[in-house]
Amino acid sequence: MTSLYVHIPFCVRKCAYCDFESYAGRLDRADEYILRVLDEARSRYGEYGVFSPYSVYLGGGTPSLLTPEQLRTLCGGLFAMFPPAEGAEVTLEANPGTVTPELLSEAARLGINRISLGVQAKQERLLKLLGRIHSFDQALQAVDMTREAGIHNISCDVMCCLPDQTEDELADTLESLMEAGVKHISCYSLILEEGTRLYDQVKSGKLSLPGEEAETRQLRLAAEVLRRGGFERYEISNYAQRGFESRHNMVYWERGDYLGLGCAAHSFMRGERFCNPCFDRYMKGEDGLERESVDTAASLEEEILLGTRMSRGISLEHMRTAYGAKALDALVVSGKKLTGMVVIENGRLRLTDEGFLVHNAIVVELAAAVQDAALPA
Ligand code: SF4
């Protein structure tokens, strides 16, 4: 099973926390960019042959900035080479400040069946601080508009651990989105990235981030509020009503193959990872692919890092088959020591909610134990 990701790097303006490959003021190059992506798709088609993606994700940037015609050209060209498999999940990432009924109707016609909205928060003060271009009312209107276009699988991104964000505000945001009937919520802590406006404001003391304890309280609260609303936590930061878990995300965490098209897009195909160059070089037609084969040590580490993000955890049988009985024993012995954080049952090793709070530390511990046992000295 292979998935397809397409990166659309245009935005209305740069958010205060964003260090993604995205640009304000370049939308006039969208037609040219789409042709370049289709060119790249043709060359990958030549390399990998035809495949029917299990999931497709148009991410960004702000893909909802494309016009209906541009979306049609992009999807028409792509799906002619890589027709989505029967029942595939096809997602369009959208900013509530840019969606229109025309774009959503066109999306539905093209087979897009899932919309992921970057909502982030309900409170005007926080949206302003993040540099978002929309209000919460616009987010609710976007949810309604999406349903009116016939797309019912709606996901929203929410941020927590923001400067001066209270627990009540976070709970209110999550509850309001659940009331609005969305099916999936991703709830991520703010990560302060160097080079962003928010980074400078925090470093200069104009804003302060919640401490570790407050962050832990917010993450616990998010899990509790969402569970109360009937959302299951299927990944460390992702919650969904049953049957609405994101297939595309699962491909990343399960280490399935995915082909990334567009500037700065990452791929993992047939045991190799590679990344496209950023916008200017990509537009000049540069390939810039540095292919990196994932050796046993790296693959074992990825397996633990990504597998423990999922609530269902890692399959022990898979670990035995892929890395041998010694590695499996080491994993189980090490996991059993992490009482309250790790559970081993029904042939799987998984983290508890408390374990998720210290995910990085657990990964380091498990990976060290398993590497020693799996790899020749
Ligand atoms: S809309 Fe998304 S990609 Fe664009 S600047 Fe904001 S966070 Fe970055």
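At what angle do the axes of helix α2 and helix α3 cross, and within what distance do they come?

Modeller: Before the answer, please keep in mind that this is a predicted model, in which local features need pLDDT of at least 70 and side-chain atom pairs count only at pLDDT 80 or more, while totals for chains, interfaces and linings use all residues. Residues are numbered from 1 along each chain as its sequence is written.

Two packed helices are described by the angle between their axes and the distance between the axes. Here the axes of α2 (residues 68-81) and α3 (residues 101-109) cross at roughly 20° and come within 9 Å, where helices are DSSP runs of H or I with at least four residues, numbered from the N terminus, and axes are lines fitted to C-alpha atoms over the stretch in contact, with angles from 0 to 180 degrees between N-to-C directions. Because angles under 35 degrees count as roughly parallel, α2 is roughly parallel to α3.

As for the residues that meet, α2 contributes P68, L71 and R72, and α3 contributes E102, L103, E106 and A107, a contact being a pair of residues whose C-beta atoms, placed from the backbone, lie within 7 Å. By class, four of these residues are nonpolar, none is polar and three are charged, with Ala, Val, Leu, Ile, Met, Phe, Trp, Tyr, Cys and Pro counted as nonpolar, Asp, Glu, Lys and Arg as charged, and the others, Gly among them, as polar.

In the loop between β5 (89-94) and α3 lies T98, which touches V12, T62, S64 and L65, leaving aside residues up to four places away in sequence. The C-alpha atom of T98 is separated by 9.2 Å from that of L66, 32 residues apart along the chain.

Methods:
Helix = DSSP H or I, 4+ residues; strand = E, 2+ residues; numbered from the N terminus. Parallel < 35°, antiparallel > 145°, perpendicular 65-115°, else oblique. Contact = placed C-beta atoms within 7 Å.
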